[in-house]
Amino acid sequence: MTLAAVVAVAMFVGVIAYALFAGADFGSGYYDLTAGGGVRGAEMRTLIDHSIGPVWEANHVWLIYVLVMWWTGFPAAFAAAMTTLFVPLMLALLGIVLRGANLAFRKNAETFAQARFFGAIFAASSVITPFFLGTVAGAVASGRVPAGGYGDPIGSWINPTSLVGGCLAVTTCIFLAGVFLTADADRTGHPEMAQRLRQRTLVIGVAAGVIVFAGLYPILHDAPTLSRGLLGAGLALIVLAAAAGSITLALLHRQMPATARAFAVTAVGAVVAAWGVGQYPWILVDQLTIKQAAGADATLRGLLVVVALAVAIVLPAFGYLLRLTQTEKWSRT
Amino acid sequence: MTFNDTVMVLAADAPPGLLPAREQMAVSLGWHIILACFGVAFPTMIFVMYRRGIVRNDLVAVRLAKRWSKVSAVLFAIGAVSGTVLSFEMGLLWPGLMGRFGDVLGLPFALEGLSFFVEAIFLGIFLYGWGRTPPRLHQFMLVPSAVAGIVGTFCVVSVNAWMNNPTGFTIRDGAITDINPWAAMFNDLTWLQFLHMWVGAFMLVGLTVSGVYAAGLLRGRTDAHHRLGFTVPFAFASVATLLQPFIGHVVGLQVGLMQPAKLAAWELAATTEPGPAPLKFGGFLIDGEVRGALPIPKIGSIISRGSFDAPVPGLDSVPRADRPPVNLTHWSFQSMVGIGTLLLVVVLLFWLARRRGHDLTGNRWFLRFCVIAGPLAIAALELGWVTTEVGRQPWVVWQVLRTSDAASMSSGIWWSYAGVLVLYTGMTIAAYVVLRSMARRWRAGDEDLPSPYAPAVVAATSSDEQLEPVQ
């Protein structure tokens, strides 16, 4: 494996981590939006605040990690994608800003009316942001970002592959969030809410599964290079996603949400990884390979130092935060 | 003046995205930098306050630390998202810079990403550790955030220093070769510029936070809570305010050597003046002539060149197409220096008076000044960024890449700029409303600030009005 490929893999690990961890945070916006009003909704919203409050900023930093690895390691590909996908990236950015800011505002709002205002913005922006990020992935994967940048400002992200990517991103986020929130509700002693979340997550899980596999059909026609990769090297990951997804649903059905978390993460992680494997060795499909887009060797080696530091410093701390928030210790409110 | 400069820049075949990209970058960076300062300096102040509370068993200090940490949760959240805006904007607005030089300048950004990670993780651990982690351990959860603030500042500022003093690469026949990202990161200007910004962050946060308690003292709330809330951040700000003029002066000398055009704009030097040159106080450059400046003989050479008889280079030594907008650079520079000097004098007065046994926290005029000292420090910091960024024009990378060649060719940036203006206005209002209401409830004795969804709150609201079933 070349130096550039190693850096690309390290960057893509960040993409997977962002999809999983930030994805679960974004997805909780759906349950917040549909929690209902009054006391009933309050219980769900308190759970969501408690569940994503301590972790969303750390989860969000995976996006920053991906961006800096991308522009430092593969600057030409970065500039090409940013100039072509200006519109969906701006919309995703708007959603990211509104989500984070309004979550913080809501938690400290004085009145219920204020909290409802901030909360509606938080929840709505949480649901739509993954859609735009998904369309960006679809644009890159279907070869619509020209190497020189400034591709079609609309058609690049409104096309079959991008729409599949967008819908897939939204549903997998909601699915992940549902599994995690069900486990949280169960652990913190809210059986009635856990039950409600469990049922809805089962429905969403089936929908996400349908989109993944039905989505393959338009992709086969729209993105030949990606589909060759998906059905070639990526096939094992798609099978893994199907298996892990089914087990997640079975575990949820049998009221074992805590165990289901690992399988949900595996299922969604495998879908995202299949995209990465499917488009290898392209960084911009049909336009630029990882090797062609790579920056100077000295810089790539520098990035490996950054990755090593991340493994040594960030990962243990990140794991500690997750352990605190996902286990019994901090669950008592 | 400024308008003419702008027109000149526009006339030179600029891409349609240049002007809105510059404005959008200025607004989003100018907004974020205030919150970035809190990210850098506030954890250290909270740590000192919290530690004082634990070591001396001082409940007032612990309560202050707890309230500050709740404020910091709001500030860090909007700081995190507004920082993300800048990451996107690097590519969305400046593809010509990132596409060509991403692998030269990017490494410190990657390292900054790690410090942001550490800060976000430990902030989460700290904020949610209140009441869950024993205080003796809990206080140290602030230390990684404080250290990450220093590293992060260094990394981000090193990129700006590189733009002022580009090193670590060679351009051969238009191609960029011999790239050494570490040499780019540790260029000759990085340490000085980092110090200037880091100390500036402590000035800004220290004076802003102490100003809040000065306002309370003015209203007669002279309890231990307000006195301590004033003193700790003011002490931090005092050290920073005393150091800053010296650091700033050395940075200025260094930048002046590297960028004669910026120095000429600072000094309003239309033509090269033989030493000893006068310092021009105020004034404008209109049609190539200096108008309305108050000349102070001889000290121009001392201040800008560090020598009694060195000449101050003038704009006439710079090709017309390479001159920065002079008046904006000159005024922002002198206003920054003026505010810094004023703050220095007042801080000195406070500590000298204290040595002689006078406590100025009982003096209404001193307290009034402290209330506006925070906004003044914010203004000085913003003016400093205007000085260095506008003064470097028309280059984004000094004498290597023009801003017009870095900007996006997209014509849609006016729309995104308008969106940024609306969004940031909304966030500013919302943050103000929320922070004010937190302070009001604390004053009313409501220490824990229950979630607006807490059962009691909702039950009370539900009985008043019938809530819609869906938001």
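Q: What share of the contacts in chain A between residues at least 6 apart in sequence joins residues at least 24 apart?
A: The share is 79%. A contact here means that the C-beta atoms of two residues, placed from the backbone, lie within 7 Å. The model is predicted, with local features needing pLDDT of at least 70, side-chain atom pairs counted only at pLDDT 80 or more, and totals for chains, interfaces and linings taken over all residues. Residues are numbered from 1 along each chain as its sequence is written, while chains are lettered from A and ligands numbered from 1 in the order in which they are written.

Q: What makes up the secondary structure of chain A?
A: Chain A has 13 helices and two strands. Both are DSSP runs numbered from the N terminus: a helix is H or I over at least four residues, and a strand is E over at least two.

Q: How many helices and strands does chain B have?
A: Chain B has 16 helices and eight strands. Its radius of gyration is 24 Å, close to the 23 Å from the rule for 471 residues, so chain B is also as compact as a globular protein of that length. Its C-alpha atoms fill a box of roughly 70 × 60 × 40 Å along the principal axes.

Q: Why is B:V40 called buried?
A: A residue is buried if 20 or more other C-beta atoms lie within 10 Å of its own, exposed if 12 or fewer do, and partly exposed in between; the C-beta atoms are placed from the backbone. B:V40 has 26 such neighbours, so it counts as buried. This residue is in helix α2 (residues 18–55) of chain B. Leaving out residues up to four places away in sequence, B:V40 touches B:G149, B:T153, B:W198 and B:A201.

Q: Why is B:L228 called partly exposed?
A: B:L228 has 19 C-beta neighbours inside 10 Å, so it falls in the partly exposed class. It is found in helix α9 (residues 224–258) of chain B. Not counting residues up to four places away, its contacts are B:V60, B:A61 and B:L64.

Q: What percentage of each chain counts as buried?
A: The figure is 64% of the 333 residues in chain A and 50% of the 471 residues in chain B.

Q: Why are α7(A) and α11(A) called roughly antiparallel?
A: Axes are lines fitted to C-alpha atoms, for helices over the stretch in contact, and angles run from 0 to 180 degrees between N-to-C directions. Angles under 35 degrees count as roughly parallel, over 145 as roughly antiparallel, 65 to 115 as roughly perpendicular, and the rest as oblique. The axes of α7 (residues 160–187) and α11 (residues 257–279) of chain A come within 9 Å and cross at roughly 165 degrees. The pair is therefore roughly antiparallel.

Q: What makes α6(B) and α8(B) oblique?
A: The axes of α6 (residues 142–164) and α8 (residues 190–218) of chain B come within 8 Å and cross at roughly 130 degrees. These two helices are therefore oblique to each other. Residues in their contact include B:T153 of α6(B) and B:W198 of α8(B). By class, the contact has eight nonpolar, five polar and no charged residues. Nonpolar means Ala, Val, Leu, Ile, Met, Phe, Trp, Tyr, Cys and Pro; charged means Asp, Glu, Lys and Arg; the others, Gly among them, are polar.

Q: How many residues does each chain give to the contact of chain B with chain A?
A: Chain B gives 70 residues and chain A gives 70 residues. On the side of chain B, the largest share, 22 residues, comes from α4(B). That side has 47 nonpolar, 19 polar and four charged residues.

Note on methods
The radius of gyration is taken over C-alpha atoms; the globule rule is 2.2 Å times the number of residues to the power 0.38.
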